[in-house]
Amino acid sequence: MDNPFMARAIQLSVENVNAGGGPFGAVVVKDGAIIAEGVNRVTASHDPTAHAEISAIRAACAKLGAFELKDCDLYTSCEPCPMCLGAIYWARPAHVYFANLAADAARVGFDDAFIYREIAQPHARREIPMIQMMREEALAAFRAWDAKPNKIEY
C-alpha cells in the first residue's frame, strides 16, 4: 500500500543517513497535509531525546500552539522506541503508522528491548539504580497542583 506520508517519513530516514544521522524519519499530518517533520538528530545535537518522532511531535505542537496532536496522525519510518511511545501517548495523536519493526532496528544496532526489561525490574535492581528520596517534601508540588483551581489538565 503506497502512502505519500509514509513515503516522506521513509525518504527523511534515508536522507538523514546520507547526511550523517540515524536512519529514522517521521511526519505529523493534519487535515491531509504534513504540518511537521522530524529526523533522528541524537548525535548531531548531542541530545539522546532527539529521536525523529519526538522532533516531529515538538515541531507539530509548536506549530499548532498546543500540547496535544488531536486529529493528527503520526507516520514514522520505524516502530517507536519506549521513549517515543511514551511521548506519543502524551501527545495523543489519532493514529500512528510505522514501517520498520523494532526487530529490524535491532538488527542494525538500535535494540531497545533492554529498556522494556529494565522497566520490569525493581528500581534498585536496574542497570542504572533508581533510588527514591525526599518523597514527603516532593508531595508538596502535587498538593499544590491538586489544590490549584485554574490548572490546565493534561
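I begin with the second largest pocket, which is lined by F114, I115, E118, I119, R126, E127, I128 and M130. A pocket here is an open set of points on a 1 Å grid over the protein atoms alone, where a 1.4 Å probe fits, with protein on both sides within 12 Å along at least five of seven lines; lining residues have an atom within 4 Å of a point. The volume of this second pocket is about 170 Å³, a volume being the space filled by probe spheres set on the points. Its lining comprises five nonpolar, no polar and three charged residues.

A word on the source: this is a predicted model, in which local features need pLDDT of at least 70 and side-chain atom pairs count only at pLDDT 80 or more, while totals for chains, interfaces and linings use all residues. Residues are numbered from 1 along each chain as its sequence is written, and side-chain values use heavy atoms, with hydrogens and water left out.

The largest pocket has a volume of about 470 Å³. Of its 25 lining residues, N40, H51, C81, F110 and D112 are the closest to its centre. Two or more lining residues come from each of α2 (42-45), α3 (52-64), α4 (82-91), α5 (102-107) and α6 (113-120); helices are DSSP runs of H or I with at least four residues, and strands are runs of E with at least two.

I turn to the aromatic pairs, of which the structure holds six; rings pair if their centres lie within 6.5 Å, and planes under 30 degrees apart count as stacked. Y75 and Y97 are stacked, because their ring centres are 4.7 Å apart and their planes are at 20 degrees. Y75 belongs to strand β3 (residues 72-78) and Y97 to strand β4 (residues 95-100), 22 residues apart. Y75 is buried, at 7% relative accessibility, whereas Y97 is partly exposed, at 33% (buried is under 20%, exposed over 50%, partly exposed in between, with a 1.4 Å probe and protein chains only).

Beyond its neighbours within four places in sequence, I57 is in contact (heavy atoms within 4.5 Å) with V28, L69, A87, I88 and A91.

Methods: Ala, Val, Leu, Ile, Met, Phe, Trp, Tyr, Cys and Pro count as nonpolar, Asp, Glu, Lys and Arg as charged, and the others, Gly among them, as polar. Rings of Phe, Tyr and Trp (its six-membered ring) pair if their centres lie within 6.5 Å; planes under 30 degrees apart count as stacked, over 60 as edge-to-face and the rest as tilted.
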